[in-house]
Amino acid sequence: MNETPTVKVDIWSDVQCPWCYIGKRRFERGAAASGVAVEVEYHSFELAPDTPVDYEGTPEQYLAERKGLSHDQVRQMLAHVTELAAGEGLAYDFSAVHQTNTVKAHELLHFAKEHGRQDEMKEALLKVYFVDGGHVGRIDDLADLAAGLGFDRDEVVNALESGQYSAAVKEDVAQAARYGIQGVPFYVIDGKYGVSGAQESAVFEEILTKAAGEQG
Amino acid sequence: MTQTPDSAVDERLPLQMVGGTALVCEGDVCAVPDSVPEPESLPELDPAPVAGRSER
């Protein structure tokens with residue numbers, strides 16, 4: 001009998017997904033409230049894999065161009081997202097966001113996972129994208145970010161330039177398809193329960209408690 | 001946007017869905033609800049596999 005069960009939580013998300021950062025906060029709060037030991041593993045999900053790394057426009061321009069929305073509509077959407085993020089203590093600044101391709105950021109997350117520091121890297125990438133106005137698409141910028149966290153910059157550059165973790169990213173995407181995941185964030189609890197979206201923390205608290213109880 | 005290939009549909013792994021769907025990004029659009037409902041309690045588990053799309 002396992003007296004201190006650990007619940008495995010697999011989370012599919014993208015670095016440029018505003019709900020994923022909000023969901024991360026809500027999940028963390030729910031997990032803390034549950035008192036359940038959790039093992040979290042982040043998985044790659046590319047929301048817009050065809051976005052150029054050096055896309056020059058703002059998120060407002062991007063959404064207006066891609067979705068045929070008016071700039072007023074997009075501004076209202078982003079203002080609403082910003083307001084919801086603020087409720088979680090996250091100071092989103094869409095005026096500074098660099099819309100980009102996130103595949104290399106996902107590879108960096110796999111690199112960090114191999115070093116046992118994936119959650120730390122996930123937090124750093126989300127913060128630099130939504131709050132600090134950093135670039136998460138270019139290898140040099142990602143290497144600088146990783147070096148700032150204490151990783152070996154040259155090792156990171158080599159890993160990203162060689163595509164060392166490209167297959168791992170693709171496998172995550174394939175696994176998402178096997179689960180039928182169409183949007184993120186998406187949480188798989190102990191390989192059994194699915195939670196879609198940035199649910200309120202109480203939802204995470206309850207399902208983690210339930211999953212831990214079922215292990216007992 | 002990631003698509004589920006037809007060949008994978010029959011191989012989907014079963015999950016019991018919890019909590020409905022809220023605040024999800026699909027493709028390059030993230031649903032922005034006018035208001036976010038407060039959950040009263042954990043909804044009943046849905047034994048159906050993952051399916052459906054988020055609200056827009």
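Predicted model: local features only at pLDDT ≥ 70, side-chain atom pairs only at ≥ 80, totals over all residues.

Me: At about what angle does helix α8 of chain A run to β2(A)?

Reply: Helix α8 covers residues 166-179 of chain A. It lies across β1, β2 and β3 of that chain. Relative to β2(A), the helix runs at about 105°.

Me: Which strands are the edge strands of the open sheet?

Reply: The sheet has 5 strands with mixed pairing, in the order β2(A)-β1(A)-β3(A)-β4(A)-β1(B). An edge strand here pairs on one side only. That picks out β2 of chain A and β1 (16-22) of chain B.

Me: What is the handedness of the β-α-β crossover from β1(A) to β2(A)?

Reply: Strands β1 (residues 6-13) and β2 (residues 37-44) of chain A pair in the parallel sense over 8 bridges. Between them the chain passes through helix α1 (residues 18-34) of chain A, and the crossover is right-handed.

Me: Which residue in β4(A) does Y187(A) stand opposite?

Reply: Look at β3 (residues 186-189) and β4 (residues 193-197) of chain A, which pair in the antiparallel sense over 4 bridges. There, the residue opposite Y187(A) is V195(A).

Me: Are α4(A) and α6(A) roughly parallel or roughly antiparallel?

Reply: The axes of α4 (residues 103-114) and α6 (residues 139-148) of chain A come within 10 Å and cross at roughly 30°. Angles under 35 degrees count as roughly parallel, so α4(A) and α6(A) are roughly parallel.

Definitions and conventions: Residues numbered from 1 in each chain as written. Chains lettered and ligands numbered in written order. Heavy atoms only, no water. Pairing = 2+ DSSP bridges. Helix = DSSP H or I, 4+ residues; strand = E, 2+ residues; numbered from the N terminus. Right-handed = clockwise from strand over helix to strand, strands pointing away. Axes fitted to C-alpha atoms, helices over the stretch in contact; angles between N-to-C directions. Parallel < 35°, antiparallel > 145°, perpendicular 65-115°, else oblique. Contact = heavy atoms within 4.5 Å.
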